[in-house]
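The questions below go with the structure shown here.

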Amino acid sequence: MRPTKLSTLACAAAAAAALSLAACGSSGSNSGSSAKPTLTYWASNQGTSLQDDQHVLAPQIAKFTKQTGIKVKVTVIPWTTLLTQITAATVSGKGPDVLNIGNTWSASLQATGAFLPFTSSVMNTIGGSSRFLAGSLSATGAAGQPPTAVPLYSTAYGLYYNKAEFAAAGISAPPATWSEFVTDAKKLTKGGHYGLTLEAGQIPENVHLAFELSQQQGGSFFDSAGKPTFDTPQNVAAVKQMIDFMQTDKIVNPSDAQYSKGTEALTDYATGKSAMVFWQTASGSLAKLGMKASDIGVAPLPLPDPMPAGGKKVTSMVAGINLAIFKDSKNLSAAEQFVKFMTSTPTQESLNHTYGSLPTVQAAYSDPAFNTPAVKTFRSILSTTAAPMPAVAAESQFETAVGTAIIHLYASAATGKTVTNAMIGQALSQAQQQLGG
Amino acid sequence: MHEPAWFRWVRVIVLTLLGLFAIAPVYVMLTASLKPLPDVEGAFRWIPSHLTFSPFIDMWQTIPLLTYLENSLIVCSVASVASVIVALLAAYAVSRYRFHGRQVFSITILSTQMFPGILFLLPLFVIFVNLSQDTGINLYGSRTGLIITYMTFTLPFAIWMLVAYLDTIPRELDEAATVDGTGPLGAFIRVVIPAAIPGIVAVGIYAFMTAWSEMLFASVLTNDSTRTLAVGLQGYATQNQVYWNQIMAASLTVSVPIVVGFLLLQRFLVAGMTAGSVK
Amino acid sequence: MVDTIRVEQGVTPSAPSSPPKRRWWRRGSLPYVLLIPAILLELLIHIVPMLAGVGISFLQLTLFYLRNWRAAPFAGFSNYAVAVNFSSATGQALLHSFTVTIIYTLIVLAGAWLFGMAAAVLTQRAFRGRGAVRTLFLIPYALPVFASVITWNFMLQRDTGMVNQLLLSLHLVGSRPFWLIGQDSFWSLVVVQLWRTWPFAFLILTAGLQSIPADLYEAASLDGAGILGQVRHVTLPLIRPVNRVLLLVLFLWTFNDFSVPFTLFGSAPPSQADIISIHIYENSFVSWNFGTGSAMSVLLLLFLLVVTLVYLALGRRGARHA
């Protein structure tokens, strides 16, 4: 009978489709019920490239697997997509077991409820909260709630300058004020070589510098009630100062407007294409990029002179990377073991030493590797002139909106448009509207 | 027919300019993929300082190309094969029968072609995520989910093209088979499908090619283990330290089979498309 | 049972539109059975998501509700109000993006048709190497978008790209311009999209030209028409039905295209090249407010529907008058 043929055909088609779907359905995280699960771990890009991070992490992961029998699949995610990918993971509930987050996003991501809260019992499983430095622990979530992340790497912004180039130009000390800074940078800018380099096409770098300069102007991006206040005159002045490095002072290569990968400005500094860069603790990367240790100088970012009314002596944000556990993880106890391992003193010493960042646990500082002049400079910046970014739920959206606005402003400046205060004000209020404010 | 000299000159000049425009990226892709790294880091060089095949070897380490390739192959093959099977059945019905709702069906199929993909992306994302929350069926980030979304554009296209193609197969063929005592379904399977093989293959390959280049859905609905070539390579070119010679080598590698397939099939495609458009 | 149905019964245009009820499911059921998989899939992938999309556009579906959208508060028309409030920043940005997209689409459309038509007419008569030229012209369309546009991205780099090298060596520019940020990024997008699109116009127009009978040209030639005259009096009028569909398809493709701008600029394009598909994408996946994103998509769909219907209606009237 014919109908059988039809149904045979239909069944065959359905079966074929089902088979192929089944065949390719086995993707994503391994949630096998075996005693030794495989963890998935999203690492942020801390080294000179994604591959570099894989190489740095591999021996530590191997050590962890040897100790516990738990395998870890590491994925290094570039900064350009890290926040989007993490947010997508929190929104969808499909994420890794353990992940790195920028510490400034802690409050935002905490508000999504997607991460495991480190209650005191969880803290005890990973070795207790008293091991951590208080300053680092302060940037792990909104006040009054159990943190949803623990500090992994601690960093701060500094002004990196090339000692050899400074000496050759007859400059004896790093600039302490912005006017000295611009004067020095102009001296160092000639013939395709620039005084300063900026990662001007990248969201986090732009927004961090804007925050620091705004603090110096006495500005703020959120008021005490947590409402966005992006387009205040102080914030406009801070962004104008950033743009003017390229537009008016001409101490930055316009090409930097396209630097978006999070490593390009540092590479320019390390390879002698420019004399200065504002960067977070970078001695590990600089060595890998081939810069002579004797050429590397670090100082706090300059300050305005005189200080504007209400201006704060802030030269850095409280920067760092936190480690979080996905609440939906099917391997919670393995994930906790991994967090414990990553924040243990030996791992902290090794990883922070390689990356040039600062350990977040007290015990690691007995290692002489963390008593170098550069580390001392950063520790003093962190303890005296660093301010935390706003710990509000809208923080990550603020970074994206304002960071993107500044990217476009740099693009305008680079392509010969004059960026005025009015344009900056408009861009910032547009960014503010994106947050629904 | 005589051609005035000016016409020949215009032809040579215009066709040369258009040809240079068309071929310039291919030239860059090909030469850059054979350049050593320093050649692509400084000012552009028209000719490689020396030829090297190492980008074609190194790229497999630098870029997770094998994973991307595997994902793209599976997703695109399943989506196009499934589309063609479903479309063939529907196209036979539309081409050979006048039935209630035929018009509505055809118009629906045609009109979904003009919808912006983002219109489907947002709800599909929400549906996938909530489905997983409610039932545990995980489509977000999976290849299966991507296959389903890819059918949003491969299926209507396949139906449209196959209706046009089946219309070109004379009905006398089916009728002769029915007179021989075979039912309409027998006629479909024994006569129409064999006669339509070239069209079926062309539509399948075209659907495959379209899926191969898709970026909107893949950029949102995939994760690191299910990322396709299109978004994987794009991501590599914009997010990482760029080894342009290796990116170009990878681009070239994934392009060659597609270009060859297209050039071999373009006759069928044009026939199908113009048949569809003239109606 | 199905044996009893004769194909010709179903095919006959004069088949009774409402056959006796008792036999209806037997006589006419085959086409419906054949359509079931397609209809089910259409429901699953198009109809349901589209309705869901319209539904979402009335919700305040933000980051915190995406995993449980039933809990999202009802927003009424407020998402639409935000999108079309052109005195607010969001509305202004949407309007700007819409305007940019329209201008870009029209330029690409005109260019693609012009290039495609020129190439089709010039390769209409046989000459040595015609096959090779035709194949060459199809390559941009055959290349996977991401591979070719990544290459364009490389070519348009300020310091390492081919385009600036060419312009410098021809002394057309003094200093290296930026092509991927700022004002010129618009033209980069137009050129790359044009590069990608015109071969399709060429392909379709070539096929259209082949269907024009050669004796029409001969007749025109006998009437004393030169090559230009033949193009004007024979080719252009006869190619009109093909043009009508081609231009609509090109318009919709170019307008809705995501891959080319996304590959060229990433998810945060310069505002001068802020194409609407990317704009909505960025709005939805950066702010994670799917409510406004969906409202914008629905508005976009309505716009495209109106354009298509008006275009088809005008075409029909034009055809009747002709």
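Q: In which loop of chain A is the place of A:Pro306?
A: In this predicted model, a cis peptide bond joins A:Asp305 and A:Pro306, with omega at about 0°. Most residues other than glycine have a negative phi, and most peptide bonds are trans. The place of A:Pro306 is in the loop between β8 and β9 (316-317) of chain A.

Q: Is A:Lys250, which has a positive phi although it is not a glycine, buried, partly exposed or exposed?
A: The phi of A:Lys250 is about 55°. A:Lys250 lies in the loop between α10 (233-247) and α11 (264-270) of chain A. A residue is buried with 20 or more C-beta neighbours within 10 Å and exposed with 12 or fewer. A:Lys250 has 15 inside 10 Å, so the class is partly exposed.

Q: Is C:His171 buried, partly exposed or exposed?
A: C:His171 is not a glycine, yet has a positive phi of about 60°. C:His171 sits in the loop between α7 (162-169) and α8 (184-210) of chain C. There are 7 C-beta neighbours inside 10 Å, so C:His171 counts as exposed.

Q: Which residue of β7(A) is the bridge partner of A:Tyr161?
A: Strands of a sheet pair through backbone hydrogen bonds, either parallel or antiparallel. Strand β5 (residues 157-162) and strand β7 (residues 274-280) of chain A pair in the antiparallel sense, over five bridges. The bridge partner of A:Tyr161 in β7(A) is A:Met276.

Q: How many nonpolar, polar and charged residues does the contact of α9(A) with α16(A) have?
A: The axes of helix α9 (residues 203-216) of chain A and α16(A) come within 8 Å and cross at roughly 95°. Among the residues in contact are A:Ile203, A:Pro204 and A:Val207 of α9(A), with A:Val402, A:Gly403 and A:Ile406 of α16(A). By class, the contact has seven nonpolar, four polar and one charged residues.

Q: Which element gives the most to the side of chain A that touches chain C?
A: In this contact, 24 residues of chain A meet 26 residues of chain C. The elements of chain A that give two or more residues to it are α1 (2-24), α3 (79-92), α16 (395-414) and α17 (421-434). By class, the chain A side has seven nonpolar, 16 polar and one charged residues. With eight residues, the element that gives the most is α16(A).

Q: Which helix gives the most to the side of chain C that touches chain B?
A: The contact takes 92 residues from chain C and 88 from chain B. The residues on the chain C side divide into 62 nonpolar, 23 polar and seven charged. With 17 residues, the helix that gives the most is α2 (residues 21-56) of chain C.

Q: How many helices does chain B have?
A: The C-alpha trace of chain B spans about 75 × 70 × 30 Å along its principal axes. Buried residues make up 56% of its 279 residues. Of the contacts in chain B between residues at least 6 apart in sequence, 75% join residues at least 24 apart. The secondary structure has zero strands, and the number of helices is twelve.

Q: Which element of chain A has the lowest mean pLDDT?
A: Chain A averages a pLDDT of 88, and 92% of its residues score at least 70. Over residues 1-33 of chain A, pLDDT stays under 50. Where pLDDT is low, the predicted coordinates should not be read in detail. The highest mean, 97, belongs to α10(A), and the lowest, 41, to α1(A).

Terms used: Residues numbered from 1 in each chain as written. Chains lettered and ligands numbered in written order. Predicted model: local features only at pLDDT ≥ 70, side-chain atom pairs only at ≥ 80, totals over all residues. Contact = placed C-beta atoms within 7 Å. Helix = DSSP H or I, 4+ residues; strand = E, 2+ residues; numbered from the N terminus. Nonpolar A, V, L, I, M, F, W, Y, C, P; charged D, E, K, R; others polar. Pairing = 2+ DSSP bridges. Axes fitted to C-alpha atoms, helices over the stretch in contact; angles between N-to-C directions. pLDDT = per-residue confidence, 0-100.
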